[in-house]
Amino acid sequence: MKILHTSDWHIGQTFYDYDRTEEHKHFFAQLSEIVRDEKPDLLLVSGDLFHTSAPSIAAQELYNESLLQLRDEALAFGGMHIILIAGNHDSSSKLDVDGLLWKYFNADVVGTVPRDNDESLENRAFYDHIFSKHIVPVRKTRESEVLGYVVAVPHCYPQNFPNINPEDGKEERMKGFIALLLEKVAEVNTEGLPVILTAHTFVTGSNIKGHDAIIVGGLDNSDIGTFGSGWDYLALGHIHFPQEIKGSDGKARYSGSPFPMNFEEDYDHFVNIVEIEKRGEMPRVRQIPIEPLYKMVTLSAKELPEGRSSCMDLLPLLRNYPPHKKAYIRLEVLETGELPQDYIQRVKIALTGKMARYCLVKQEIPDKPTEGEGIQLTAAQVSTLSPREMAEIIAPGLFEKREDGYAELFDQAVSNVSEHIG
């Protein structure tokens with residue numbers, strides 16, 4: 001079985017008020033070409049299909065049109081199953097409703113995890129519903145033979161997983177839920193077909209380069225042991241940095257986001273091609289690079305020649321920036337006081353007629369004040385700080401050498417407030 005693994009599309013994202021539809025179309029054009037060239041049996045998308053739980057009509061249209069286009073491309077070589085799961089950015093219930101229609105196009109969308117007041121093993125109707133929803137036989141077409149199985153685990157908070165083992169606390173519910181599904185797959189997989197597990201979560205110890213700690217902190221961590229055994233490849237979503245999970249012997253990976261979602265994602269982006277012949281065989285994984293339409297570019301005063309460190313010295317770089325080069329521009333300046341009042345206007349004038357898009361000016365943050373010193377930050381500096389960074393400036397050492405989970409509680413509180421406001 002050949003799998004095309006991707007995740008974290010974030011359709012509908014706007015970046016500093018810039019619409020990114022053109023970039024998503026550019027990605028889907030590349031994905032269509034990969035489907036034509038690789039002829040996968042399965043397209044597997046591991047969550048965060050949309051950027052918000054209430055995507056715009058335009059975002060939903062792009063999602064529908066792109067999936068149908070990928071499906072049509074696959075029909076030319078005999079078909080391709082499509083399986084998608086909900087991420088923490090998605091409306092899981094809305095995806096479930098739309099998923100009823102997608103089944104007619106050989107696409108399975110797994111949004112919510114079923115809940116029931118009677119979760120005892122004697123409640124066969126409830127468990128049959130779980131098995132039919134979260135265990136998906138892979139077929140190139142709706143009528144063709146089964147090539148393997150996907151165990152689909154969308155984003156779900158620990159307390160919302162079914163309580164398979166009543167003695168387990170909420171943190172163990174996900175582990176028990178996955179173990180139950182894998183046990184059922186082992187029963188039905190009498191032909192030794194490949195088993196793929198997909199989940200949208202933060203695996204402890206993952207490289208979170210490009211993520212705000214608060215965003216990661218707002219999603220519950222899962223140790224690699226949570227996923228048990230009985231699968232041949234673990235297709236993960238949520239972390240945007242593409243990587244192999246330590247301790248998985250090369251069998252668990254984040255495919256990563258298809259193109260940069262912020263300035264910190266200054267690394268290459270990929271989709272994964274995974275090939276597995278039979279149950280118990282090591283997966284063969286290849287990364288296929290995705291070329292972003294717009295680059296994330298930071299112009300820093302620190303990189304200017306000696307003697308030139310003013311924010312004004314960056315303006316010639318903008319005026320000389322190639323007019324047809326598409327990029328998002330961030331400026332890093334060294335001034336610790338207020339910038340000239342007309343500085344942003346000067347920046348925009350310097351980029352007039354160019355394809356580059358100005359986003360922000362990031363001022364250098366002064367050293368943490370010593371005890372007894374006053375704290376003086378400009379409005380521009382404050383706007384670049386996360387709540388965690390602000391707390392550390394106001395109270396140096398607040399999160400250091402504490403083993404009581406204080407930092408995680410702080411991040412969770414900020415995440416809850418952000419969700420409530422947004």
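Contact here means heavy atoms within 4.5 Å. The model is predicted. In it, residues T21, H24, K25, F28, L31, S32, V35 and R36 of helix α1 meet L62, S66, Q69, L70, E73 and A74 of helix α2. Helix α1 spans residues 21-38, and helix α2 spans residues 57-75. Their axes come within 9 Å and cross at roughly 15°. Angles under 35 degrees count as roughly parallel. The two helices, α1 and α2, are therefore roughly parallel to each other. The crossing of α1 past α2 is right-handed.

Nonpolar side chains tend to be buried together in soluble globular proteins. The largest nonpolar core in this model has 35 residues. V151, V153, L181, L197, F227, W231 and L236 have the most contacts inside this core. Two or more residues come from each of α4 (124-134), β8 (148-153), α5 (173-188), β9 (195-200), β10 (202-203), β12 (233-237) and β14 (252-254). Helix α5 gives the most, with 7 residues. Beyond its neighbours within four places in sequence, W231 is in contact with L182, V195, L197, K251, A252 and R279. Another core, of 33 residues, lies apart from the largest one. Its members include L4, V35, Y63 and L95.

Helix α8 covers residues 343-350. Y343, V347 and A350 are buried in this helix. Seen down the axis of α8, the buried residues fall within an arc of 65°, so they line one face of the helix.

Note on methods: Residues numbered from 1 in each chain as written. Predicted model: local features only at pLDDT ≥ 70, side-chain atom pairs only at ≥ 80, totals over all residues. Heavy atoms only, no water. Core = buried A, V, L, I, M, F, W, Y, C linked by side-chain atoms within 4.5 Å. Buried < 20%, exposed > 50% of the residue type's maximum accessible area, 1.4 Å probe, protein only. Helix = DSSP H or I, 4+ residues; strand = E, 2+ residues; numbered from the N terminus. Arc of directions from axis to C-beta. Axes fitted to C-alpha atoms, helices over the stretch in contact; angles between N-to-C directions. Parallel < 35°, antiparallel > 145°, perpendicular 65-115°, else oblique. Left-handed = near helix turned anticlockwise from the far one by under 90°.
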